Amino acid sequence: MSLPRFSHVTYEQYLMMRQNSDERLEYINGIVYMTPSPSIQHQLVSSNLHTIFGNYLKRKTCKVFAAPTDIELVSEKCSERKLVIPDLSIICDPSGFTDTKYVGVPTLIVEILSPSNQAHDLVTKFNLYMEYGVKEYWIVNPMKQAVTVYALNEDGLYEQADIKVSIGIVQSVYFSDLFVDLEEIFH
């Protein structure tokens, strides 16, 4: 669940808040969101996907990162700084790493829904990731055992590329040889 904690906050104020807090805080459009610890089911799904992605990416230049990895979204077409903590990110450009975060745009981001964070992931982050040019966005719903894959089209808008519920194999768009069986995610 991501709850707005403070609004009308500058990026510099946000950084000060982060220094003085042990909480996971995201910064989007001048609003600071607090992200509490995820449920056990959320963690199991995240762990399963992290393992699947990690095995797929062995000996490849792209790498998978799990929360809490800070991602400072930076794009030539967007002037504001945003800092998010996606559940999983696949990053293919290593030039954006600092000691504490990644500065740039991941190639693929996965958000795992919780009963109370759905609007944040389905609306706020969906639009944010599309605006900043995340090539592929997966929304994983453990309650419905569903995975929806969105991919940027030529116009820079997300199109639904795949959806599976309960059974089936999800295919990545950007990584065309990456196939994930829902059994491996949810069981």
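A search of the whole structure finds one disulfide, the term being used for a pair of cysteine sulfur atoms within 2.5 Å. The model is predicted: local features need pLDDT of at least 70 and side-chain atom pairs count only at pLDDT 80 or more, while totals for chains, interfaces and linings use all residues. Residues are numbered from 1 along each chain as its sequence is written, and side-chain values use heavy atoms, with hydrogens and water left out.

The disulfide joins Cys-62 and Cys-92, with their sulfur atoms 2.0 Å apart. It links distant parts of the chain, 30 residues apart: Cys-62 lies in the loop between α2 (40–57) and β4 (63–66), and Cys-92 in the loop between β7 (88–91) and β8 (102–103). Helices (H or I, at least four residues) and strands (E, at least two) are DSSP runs, numbered from the N terminus. The link is right-handed, with 110° about the S-S bond. Both Cys-62 and Cys-92 are buried; buried means under 20% relative accessible area and exposed over 50%, with partly exposed in between (1.4 Å probe, protein chains only).

I turn now to α2. Its buried residues are His-42, Val-45, Ser-46, Leu-49, Ile-52, Phe-53, Tyr-56 and Leu-57. They lie on the same side of α2, because they cover an arc of only 130° around the axis, taken from the directions from the helix axis to the C-beta atoms. On the other side of α2, Ile-40 and Leu-44 are exposed. Just after α2, Arg-59 takes a positive phi of about 65°.
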